[in-house]
Amino acid sequence: MPGIEKLPLEETLEDSPQTRSLLGVFEEDTTAISNYCTQLYQAMQRIYDAQNELSAATHLTSRLLKEYDKQRFPLGGDDEVMSSTLQQFSKVIDELSSCHAVLSTQLADAMMFPVTQFKERDLKEILTLKEVFQIASDDQDAAINRYSRLSKRKDNDKVRAEVVEDVYTSRKKQHQTMMHYFCALNTLQYKKKTALLEPLLGYMQAQISFFKLGSENLTQQWEDFLGTIGTSVQNVRREMEQELGQMQQTIQEMESSCDPLYAPCDPDPAHSPVCRNLTRKQGYLYIRNKTGLVSSSWERQYFFTQGGNLMHQSRGEVAGGLVTDLDNCSVMAIDSDDRRFCFQVTSFDGKKVVTLQAESRKDCEEWIATINNISRRIYLSENAEELAARVNQTALEAVTPSPSFQQRHESLRPSSKGRTGRTSSISSVGSEPSPALSVLSLDALVAPDTPIQFDIISPVTEENSGQSKTAAQPGRRSNPFGESGNNSPEDSEDSILHQLFIVRFLGSMEVKTAESADVISETMRQILAARAIHNIFRMTESHLLVTCDCLKLIDPQTQVTRLRFPLSSIVQSSSHQDNKRLFGFVLQAAGGRGDTRVVCYIFESNNDGEKICDSIGLARQIAFHSEMDRKAVEKKKEQDKAKEKQLEELNKQRQIEKDLEEQSLLIAASTRPANPAAPDGQFLVLSSSQSEESDVGEEGKKRAWQ
């Protein structure tokens, strides 16, 4: 017998659309078998009814032939030959009637009973299991929907436990019902053959037994043929019993092994660790669909990766549809107001954003790791999973977190409680170190045991302290997050360069040197590797404002300045060689103990890394020329002040000389007789003030002579 298609019991727990599509094919086949079996049953019922009618008619004929002697015909006479002949016929027909009665009994047992059992028992059992499976599937969907709608803000342990128990019970019931339903459908593929062959075999055997007195050759020929059919039926029956035993054993093993998988979240995360080497993944996720300007809805669909694409497929669909292209995309875990375990996939050009929800944290992390591996195009290699494992192992060896990370991390926080931003996801495209870095020791670029900061934390500076004092003044509302609500109009409004970019903070770390061209690429590599190892997939999105005075990280919602980087402290900036969305800059600032700290900041943009670096370079050039102009203006002002000072000194000297001359005249006048007569006969009278000035002038003159 040819191979029989069957439903895989191992895929009942996953319940993928492919399995549902295959189930639909089996259900259509079952419907076709049911319709055909109904028609065949009606035809065989007519044969059986006809045989019963033939047996009754034959018996009636035999009885009428026996009663021929009792008939009185008006024109007929006694005909003993005719009577004896009819009596003989009646005996033969009576024997034939007995044979027909036996044939009817054999048809009822060998032909009608198997087809009736198949129609009334097997097919009805399939229909009953189908209804039970549909009810269990609907109950599971309802339980999962209730579980997914658990409020993140109002976390009630009792309600969550009831919902988890409901999900466990409904999923277990749906899985068990689906396995038994699949088992019944697989068994039906064998039973439909026996249900067709056994009635025919019984029918032919009954006919042969009925015509046993016929031709021996014909009988022997039919017996050989029916013997072959009977052997085949027995083989199919033995194969069905063997397959049924294996399916029952598989059901028992899966019921015992899949019991922990019924719960939506794994109670023991160590028992099932997150696999980060996947390049293909499939499963059910919730996708957020916008229904209005501010409203949205969640829809549960089956998602799977196909090459570099993310596909989705609803139940009942034959093929899946494209969601987004995963090449060079970025993925991040996000905090949703009404859902848990959410992550967001952004296309390489930033134009398409897809928000998805997983069933558990483990599932969410595996989806993020898989999409990151696909974004790196690891799936194009021959041994994709081995390459992914090697990349993750290399990242693990490249970065080892410092034991004092938490202490140094806390030391970077300002005295006032700063507002900690969300951590971002890693870039989708990994980078390999440059050839220079393969020769250059990492210690020459990055200090040993250097902690990596994944949060946006403002460093302790005098500017922040001044802002805190200003914020605490009466009449102004104090910002509890330690952020500056002042956008520095002097810096922004007077600047001739204003460029705004959307960026996501990946991390920062202290480096040894600020002049090396490879320090930014090496910092990118270590930060991306650390994010992949330590499972940091969330990020903080900000607006980067580039002006001629500074760089500002601004909160896009509140327009509050999170960080301010003076342009004079930025030593260099560059983008990633392969992934143009990554860029960074090196900041050189004074430390708390009077020393100089060099910190490298890494960001991810919407494919604008080179443009941002060019904008920073332009701002530095403008700032340099502005500084030169300012120094020239200040130098000119100093020269003008020096000239004014010299002129003032000269005027003072002249005034002193004039005063001395006047004092000399007064002294000379004081030596003359008192009140001498004027030429016109009048007397000259000196006022008291003139007398005092003359005295002072004389004393000053004596001091000058001395």
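**Cores, sheet and hairpins**

Tutor: Let us begin with one side chain: L185 touches L7, L23, F26, T30 and I126, leaving aside residues up to four places away in sequence; contact means heavy atoms within 4.5 Å. This is a predicted model, in which local features need pLDDT of at least 70 and side-chain atom pairs count only at pLDDT 80 or more, while totals for chains, interfaces and linings use all residues. Residues are numbered from 1 along each chain as its sequence is written, and side-chain values use heavy atoms, with hydrogens and water left out.

Student: Which residues have the most contacts inside the largest nonpolar core?

Tutor: In soluble globular proteins, nonpolar side chains tend to be buried together. A nonpolar core is a set of buried Ala, Val, Leu, Ile, Met, Phe, Trp, Tyr and Cys residues joined through side-chain atoms within 4.5 Å; buried means under 20% relative accessible area, exposed over 50%, and partly exposed in between (1.4 Å probe, protein chains only). The largest core here has 34 residues, and L23, F118, Y181, F182 and L185 have the most contacts inside it. Two or more residues each come from α1 (17-66), α2 (80-148), α3 (157-210) and α4 (216-257). The largest share, eleven residues, belongs to α3. A second, separate core of 30 residues includes V163, Y286, F341 and C342.

Student: In what order do the seven strands of the open sheet lie?

Tutor: Helices (H or I, at least four residues) and strands (E, at least two) are DSSP runs, numbered from the N terminus, and two strands pair if DSSP finds at least two bridges between them. The order is β4-β3-β2-β1-β7-β6-β5, with antiparallel pairing. β4 (321-325) and β5 (330-334) stand at the edges with a single partner strand each, so one side of each lacks a neighbour in the sheet. Within the sheet, β1 (residues 282-290) and β2 (residues 296-306) are joined by nine bridges, and Y284 stands opposite Y302 in β2.

Student: How many residues of strand β11 are buried?

Tutor: Five of the five residues of β11 (residues 550-554) are buried. C550, K552 and I554 point one way, and L551 and L553 the other. β11 forms a hairpin with β10, with three residues between them, and another with β12, with six residues between them. In β12, R564 is the bridge partner of K552.

Student: Why is helix α11 described as largely enclosed?

Tutor: Of its 15 residues, 13 are buried, so α11 is largely enclosed by the rest of the structure.
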